[in-house]
Amino acid sequence: MFNTWQGARVASLIVAIATLIVSVPAWAGVSPFVVLDVRQCRAAPVDLKLPPEWHPYLAAVRVCPMARGGAAARVSLVSVFVDEYYRDLPKDAPWQDFPRAMLIDPQGRCLSRLAHLYPVEPPSELVVRSGKWRHGLPTDIRFRVKNPAVSGDYELPTLTWNPLTKTYQPVAPTNAQDKDSTKCP
């Protein structure tokens with residue numbers, strides 16, 4: 001039988017081993033996927049050039065760097081944070097036709113649009129994971145919509161980096177609409 005001290009030591013050892021297993025890549029040379037952390041998102045800088053349809057929402061626009069290991073982000077996600085937008089509005093304020101979230105480079109050039117707002121498009125929440133990193137650039141970006149509705153959670157098409165066009169495009173789009181929905185304005 002373990003005493004309290006031994007039990008605590010065994011438990012911390014199990015946690016350390018589990019953390020190590022989760023953080024080690026499944027195969028050599030490829031780093032694991034990184035979940036975009038909403039706590040890293042910041043207000044859009046005043047010099048960020050956004051299309052005109054974004055202008056009514058500028059106070060609620062956030063830029064979320066997609067980076068790993070403290071490196072400078074080569075890609076950021078830009079989205080209207082709807083909770084921030086509606087914070088000071090009346091409870092019955094009408095839903096707006098918000099512009100879709102975008103992926104941008106450090107110069108603000110659009111690399112792709114998303115089919116969902118980040119982090120939430122009530123009542124659902126978008127989880128963004130980036131991986132298959134090459135030279136500080138995520139070459140695959142995966143999306144999972146956590147949906148409390150009866151239909152449940154679902155995946156959006158994975159976006160993959162196209163080095164020829166220097167944009168992200170859906171992997172094997174299920175239809176032309178998937179591909180068109182990611183085109184930049």
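Residues 4–28 keep a pLDDT under 50, and the model has 7 contacts beyond four places in sequence for them. This is a predicted model. Its chain averages a pLDDT of 84, and 78% of the residues score at least 70. Where pLDDT is low, the predicted coordinates should not be read in detail.

**Confidence by element**
- Helix α1 (residues 4–23) has the lowest mean pLDDT among the elements of the chain, at 42.
- Strand β4 has the highest, at 98.

**Open sheet**
- Five strands form an open sheet in the order β2-β3-β4-β5-β6, with antiparallel pairing.
- Its edge strands are β2 (42–43) and β6 (110–113), each of which pairs on one side only.
- β4 (residues 75–80) pairs with β5 (residues 102–104) in the antiparallel sense, over 3 bridges.
- Ser76 stands opposite Ile104 in β5.

**Nonpolar cores**
- The largest nonpolar core has 22 residues.
- Leu77, Leu103, Tyr118, Val128 and Tyr168 have the most contacts inside this core.
- At least two residues of this core come from each of β3 (61–66), β4, β8 (124–134), β9 (137–146) and β10 (154–162).
- β9 gives the most to this core, with 4 residues.
- Another core lies apart from it, with 18 residues, including Leu50, Ala60, Val61 and Met102.
- In soluble globular proteins, nonpolar side chains tend to be buried together.

**Contacts of Val128**
- Not counting residues up to four places away in sequence, Val128 touches Val34, Val35, Leu36, Met66, Leu77, Tyr118, Ile141, Arg142 and Phe143.
- Two of these partners, Leu77 and Tyr118, are also listed with Val128 for the most contacts inside the largest core.

**Thr167**
- Thr167 is in strand β11 (residues 167–170).
- Its relative accessible area is 18%, under the 20% cut-off, so Thr167 counts as buried.
- The side chains of Thr167 and Thr165 are joined by a polar contact of 2.6 Å.
- Beyond its neighbours within four places in sequence, Thr167 is in contact with Arg109, Leu111, Thr160, Trp161 and Asn162.

**Thr182**
- Thr182 is found in the segment after α3 (176–181).
- Thr182 counts as buried because its relative accessibility is 10%, with the cut-off at under 20%.
- Leaving aside neighbours within four places in sequence, its contacts are Ser112, Arg113, Leu159 and Pro170.
- Thr182 and Leu114 are 68 residues apart along the chain, yet their C-alpha atoms are separated by 5.9 Å.

Conventions: Residues are numbered from 1 along each chain as its sequence is written. This is a predicted model: local features need pLDDT of at least 70, side-chain atom pairs count only at pLDDT 80 or more; totals for chains, interfaces and linings use all residues. Side-chain values use heavy atoms; hydrogens and water are left out. Buried means under 20% relative accessible area, exposed over 50%, partly exposed in between (1.4 Å probe, protein chains only). Contact means heavy atoms within 4.5 Å. A polar contact is a pair of N or O atoms within 3.5 Å; within protein, one must be able to donate a hydrogen and the other to accept it, and residues adjacent in sequence count only if both atoms are side-chain atoms. Two strands pair if DSSP finds at least two bridges between them. pLDDT is the predictor's confidence in each residue, from 0 to 100. A nonpolar core is a set of buried Ala, Val, Leu, Ile, Met, Phe, Trp, Tyr and Cys residues joined through side-chain atoms within 4.5 Å.
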